[in-house]
Amino acid sequence: MSKQVQQVETIFCHETGDEFLVVVQRGGERLFRAKLGLSETSAGPRPAKFRLKQGSSEEPRQPDEFVELARRAKRIRISEQTSPEKREELIEMLEGYQLADKAKAVRTCRYCASAGRYSPITTDTAVKDDRDWICRDCAREELERQLTYSGAGTVTGDAKERLEELMIEVQDLQRIVNLLEGRLDPDLTKFDTISATTDEVDPVRVDSLDLHPDLQGLLEDRFETLLPVQSLAVENGLVDGDDQLVVSATATGKTLVGEMTGIDRVLDGEGTMLFLVPLVALANQKYEDFQEEYGHLVDVTIRVGASRINDDGNRFDPNADVIVGTYEGIDHALRTGKEMGDIGTVVIDEVHTLKEDERGHRLDGLISRLKYTTEQRAKRREEYQGAQWIYLSATVGNPEQLAKALEAKLIEFEERPVPIERHVTFADGQEKVRVENKLVKREFDTESSKGYRGQTIIFTNSRRRCHEISRKLEYSSAPYHAGLDYKRRKSVERQFGEQDLAAVVTTAALAAGVDFPASQVIFDSLAMGIEWLSVQEFSQMLGRAGRPDYHDEGTVYVLVEPDCSYHNSMEGTEDEIAFTLLKGEMESVMTHYDEGSAVEETLANVAVAGKSAKALNDRMLGEVPTKHAVGKLLQYEFIDGFEPTPLGRVVTEHFLEPGEAFTLIDGIRKDAHPYDLVADIELRDDDL
């Protein structure tokens, strides 16, 4: 031990029962551990036992060896966790050897001391654990143990890092454990705040617009000046017929950009206005809005996706001035050769749908087919000048690239009308409802400076879960999804608008922009069906929180179940996905084609344009392998030359992928009941 004695820097003493655990260190590294026992003598306390610890065994040494160690040491540290009596006894012993001036009581980590490690902690580095203070490393280990004990599962990646950061920041382990149990500690749940921003834009006065007198008067009655994004659009050629891609946050007034030019062109006799959206729920609401706002000036009709199955013309007037439709509702008209007349304006709302795996290629194909149709009509009718195209979105990661691909002028406005405070907390599936109930009640009991009570949208991943949550909320609420009939959905919209409901619980049907002026958004799940949300979808949904005319701020709560996924095909867990979404950058909006989607769109283009199908493929945003797709269409006997066969026409009119078509054919050959066949296909896209 002589060599070790010469190199001693620190001796750390910690009470263990009637003895002291002694840790001898040099350069921050432990040399050895020992146990020291004191006994009372006529000269005072003196070393009586000194045993060197080696693993689980102990080697007796002469008690004087401790004294020699203490003389060689630069410093002696005594744990504050040592009882006052034992500390006084140790210091008195050191005084007997004139060593007390080296001794100092220090705060140390209890867990480290028990494990034979010297780990001093300070007010800045300590973490509170019940009534003790421990070091950060032990706090991290204890947090991991508590995660397992609490049933939270294995928290990994960014979620675990977030919890550790919070624990170090607040220096309290129990507060983090409470967070995992669904306690709503706002200092801990708060992730960040998306600040309200205002870009400096000179507002355009409504009375300066050169619009049709009927529309001009209507707008002047509603407001004095245009909102910033509307002013930018007007200043950049909106009423001159320029195509535009308008990218701006939710509730900044994008929709009126399309309405202004579309209604103006209708009233000036320059063709029909098409206003196209991705979902039936949104189409229904837009149809009602147009009827209410412009119904005394123009005829409004609606065409949604269901008409591809029962095309009886119900509620659809092809000669109307304004046609509100779903993408597939209008695309079905094109695929079946319906006469669309003179189209003056096409407004594509939620154009970021172009990036979605299921609907993206269909919107890409629709735009190409609709442009072809209007261009061909313009060639046949000299008095028809073609259509103006307006694309709207709140969530585009590559606006310049997308605007160039769409051959449109970019109108980008980055204002956030009200700040949004984003929170993340942890809870399992059952605990989530309890947390949601508390959040809904707290929000509804709060009134904004504008006189509106706080209302909540809860997003979840299934219709069944919508009803389950709604039933368990104590304040008035209602489920809202595409499975409800039109009358029921309109009733929910009306009740929410009149503040009779504290909350609506919904699936993706609301994400695309159905107008519920909510102050709070809660994510019960970060999945829609069996797919994780994209950054675009997440941003679109959280953008529902806070409206400038109603609320002072918006609030978003992301409820995360650690180690959870909703289907074995899903990569990652909800805690991992949560922080990917919260930190994620907006994804680029472009369309990608696999073989099935390339075949489907090429077949649709053949049905609409015959030999010009290749030209339609070439102008689409995504790269379509035309030659390969045509080869497959010939192989499947969906086309004969550049004409659809009877089978091919059925396939394209019913938006079938090749695999679906062959499933139907096989079922028919096996005498399956028609209802079973239709159900199998329709249930795949029942939100259209």
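These legends describe views of a predicted model.

**View 1. Overall dimensions of the protein chain.** Along its principal axes, the C-alpha trace of the protein chain spans about 120 × 60 × 45 Å. Its radius of gyration is 35 Å, whereas a compact globule of 688 residues would have one near 26 Å. The secondary structure comes to 26 helices and 27 strands. Of the 688 residues, 54% count as buried.

**View 2. A patch of negative charge on the surface.** Five side chains are shown: Glu-40, Glu-85, Glu-88, Glu-92 and Glu-95 gather in this patch. Helix α3, which covers residues 84-96, gives the most to the negative patch, with 4 residues.

**View 3. Glu-95 in helix α3.** Glu-95 is found in helix α3 and is one of the residues of the negative patch. The relative accessible area of Glu-95 is 47%, so the residue counts as partly exposed. Patch membership requires over 30% relative accessible area, and Glu-95 has 47%.

**View 4. Thr-225 in the loop between α9 and α10.** Helix α9 covers residues 213-222 and helix α10 covers residues 228-235, with Thr-225 in the loop between them. Thr-225 has a relative accessible area of 31% and is therefore partly exposed.

**View 5. Thr-225 and Ile-668.** Thr-225 and Ile-668 are 443 residues apart along the chain. The separation of their C-alpha atoms is 61 Å. For scale, the C-alpha trace of the protein chain spans about 120 × 60 × 45 Å along its principal axes.

Technical notes:
Residues are numbered from 1 along each chain as its sequence is written. This is a predicted model: local features need pLDDT of at least 70, side-chain atom pairs count only at pLDDT 80 or more; totals for chains, interfaces and linings use all residues. Side-chain values use heavy atoms; hydrogens and water are left out. Patches are made of residues with over 30% relative accessible area and no salt bridge: like charges are joined within 9 Å, nonpolar side chains (Val, Leu, Ile, Met, Phe, Trp, Tyr) within 5 Å. Accessible areas come from the Shrake-Rupley method with a 1.4 Å probe; for residues, only the protein chains shown count as cover. A salt bridge is a side-chain nitrogen of Lys or Arg within 4 Å of a carboxyl oxygen of Asp or Glu. Lys and Arg count as positive and Asp and Glu as negative; His and the chain ends are not counted. The place of a charge is taken as NZ of Lys, CZ of Arg, CG of Asp or CD of Glu. Helices (H or I, at least four residues) and strands (E, at least two) are DSSP runs, numbered from the N terminus. Buried means under 20% relative accessible area, exposed over 50%, partly exposed in between (1.4 Å probe, protein chains only). The radius of gyration is taken over C-alpha atoms; the globule rule is 2.2 Å times the number of residues to the power 0.38.
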